[in-house]
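Me: I have a structure to read. Please take me through a few of its features.

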Amino acid sequence: MARSLEGFLVLIVAALVYSSAVASVFQPISDSHRSVALELFTPLEGSFSSLAETYEALRTFEVLGIDKKTDINTAACQSVLETLGSSSSALKDLFYALKVNGILKCEIKKDVFEGVTSSLQATVSSAGALLDFYYSVGGLVIIKDQTSKDDLYLADAEGVFGSIKALSQSDGRWRYNSNNPESSTFAAGLALQALADVVSLSSSEIDQSLIGATKNDILKLFDSIEKYDDGTFYFDEKLVDTHEHQGPLSTTSSVVRGLTAFAAVTSGSLNLPSGKILGLARFLLGIGIPGDAKDLFNQVDSLASLESNLVAIPLILSLPATVLSLTKKDSVKVKVNTVLGSNAPPLTVKLVGVFRSGSKDTSLVEGQELKFNPESAVYALDALPKSVDVGKYTFVFEMVLHDPDHLNLYATGGQTQIPIFVTGLVKVDSAEIAVLDSDLGSTETKKIDLSGENTVSLSANHLQKLRLSFQLSTSLGHAFKPHQAILKLTHESKVEHSFVVGSSGKHFEINLDFLGLVEKFFYLSGKYNVQLTVGDAVMENSFLKAIGHLDLDLPEPPEKAAQPPPQLLDQKLRYGPKAEITHIFRVPEKLPPKELSHAFLGLTLLPLLGFLIGLLHLGVNLKNFPSSSVPAMFAVLFHLGIAAVLLLYALFWLKWDLFTTLKALGFLGAFLMFVGHRILSHLASISSKLKSA
């Protein structure tokens, strides 16, 4: 039990420390996203529950490069045709039907597009709510892209732009309609997408004052952006009383889609700091791989919007490994990609600083340039700096673009700090264990080898002390303090006592005064197993060693002394295999001879044989068998029912039990009662007619 406890503590510390190291390391989209997408977006019988869900699946597959169109093409196109061909389809359904068609390229007739276009144009003219503008204008843009209607424009694009802009608030957020005073960050993203679509459908240039006012709204919206300590930025929905609250992921995704769409159709810069765009990308990547289909779509779709936007394309610096081993002589490897994993433009990666975690000392290294391997697209430092020892560090990297024109096109974020663990072997020496008298005079001292096996045998009484000491140092000779240094004594009755070993520099020592520990030890004399645990996340040779045993002689317990706690049962005894149970059955009674049994069976069959002979001798009388069809049918069914009852008796004798037989007899009895009543009623009717005649 104690062995598993100490090992569990070491593993917990290692996991916590390792998770803190990878918490700020952002990885681009990978094959893991593709595997999860195939699991989350699984059509039920070839189709999804709605066109919106169908589009989200198709869009996710499209961005991730997964070819799944053929699996859902038939059912999805049929749903698209039904939706676009129906005059009663909801506006949202029309929008997503057009979205799905944009990916699948279903065969839709020209007159269907014309009918949908007329319906959407009419909606735009009468729209007053943000979602009406978003779906109708967005649907018209999709139709323009899917058809050859180059003359598809809004009659009053500037007026529509102004109507949408009228729903904006002073803080950069938007209202869903003019009757609702509450504003929403999520709605701001929808509004920016709708405004971008209006600009695309405008036959002339939109008033630049409206464009400038919208750009100012975007700046105000970014003033309310949230931030984490690791440099990630995100938007959160402050409106909590809506019917559908949006979380940080969906809200951030909405703003990213709207921002990139608006920047793509307008001229001039938005004057947004590239660091905030990079921070949004880090937030979207930092959530890992979502376990919800909607969240995965929002993550992938918004990252696709950042992949080739006109504001700033984020470049993600990542490390394949954040745990490096001095023993294996691992090298520092860095990759730089876009958010979807594409290669970065020509640039240089520099290691500008290495700092020991929790220390504000100067950097352990000066600026070093990493070598670029064009085949693997990896930047590498051949070897760790010689001054780097076992421990936790913060490596500071910097990306420098080669082309000056790329400075306004890509977002590098300046310097990137990444926590890295450097592991290695820790030297353990000068280990000894001793029993001391009360005046600290040593009576029994023994050297121990903490890298090998030990079978130390010691004895002590309550007036003596136990001392354990050893030294820990790194390969560079520095003092090393592990997360775990625990001495454990286990009594032969399984009562355990654990003590933390203190340290001073390289030296570790613990002194146990048994006189002050008699109550803690419950006055239990006898044999104690001695065990030492030393472990750390960066210590490759962490160990849990049995040192030997100690025969401890303690005084008799007083009358009211505390009793040792009850010990848990050994898990192997509790859950392990039980002893095999051998069943002894009753010896069967002696049976009569087989010949006698056969003779008795023959005697029981004699009455049946006599019955059959009697029938043959008397002859069968079919005079009263009904001649008409319906009574004859009931008569046949009645005789078949009688035969079925006889067959039931045979089954009961050969195979069935009493309950099964009675269940079947109940159904047969009801059947015989019905048909028997009908045939007997018929015979009685004929008999009464003959008597009256």
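Reply: Start with a term: a disulfide is a pair of cysteine sulfur atoms within 2.5 Å. This is a predicted model, where local features need pLDDT of at least 70, side-chain atom pairs count only at pLDDT 80 or more, and totals for chains, interfaces and linings use all residues. Residues are numbered from 1 along each chain as its sequence is written, and side-chain values use heavy atoms, without hydrogens and water.

Me: How many disulfides does that rule give?

Reply: The count is one. C77 is joined to C106, with S to S at 2.0 Å. The torsion about their S-S bond is about -80°, so the disulfide is left-handed.

Me: Which parts does the pair tie together?

Reply: Helices here are DSSP runs (H or I, at least four residues), numbered from the N terminus. C77 lies in helix 4 (residues 69-85), and C106 in the loop between helix 5 (91-104) and helix 6 (110-126), so the tied parts are 29 residues apart in sequence.

Me: Is C77 buried or exposed?

Reply: Buried means under 20% relative accessible area, exposed over 50%, partly exposed in between (1.4 Å probe, protein chains only). C77 has 11% and counts as buried. C106, at 10%, is buried too.

Me: How many residues of helix 7 are buried?

Reply: 13 of its 17, so helix 7 is mostly covered.

Me: What span should helix 7 have?

Reply: The expected span is 1.5 Å times one less than the number of residues. For helix 7 (residues 130-146) that gives 24 Å, and its end C-alpha atoms are 24 Å apart, which agrees.

Me: Where is L605?

Reply: L605 sits in helix 15 (residues 594-618). At 47% relative accessibility, L605 is partly exposed.

Note on methods. Helix = DSSP H or I, 4+ residues; strand = E, 2+ residues; numbered from the N terminus.
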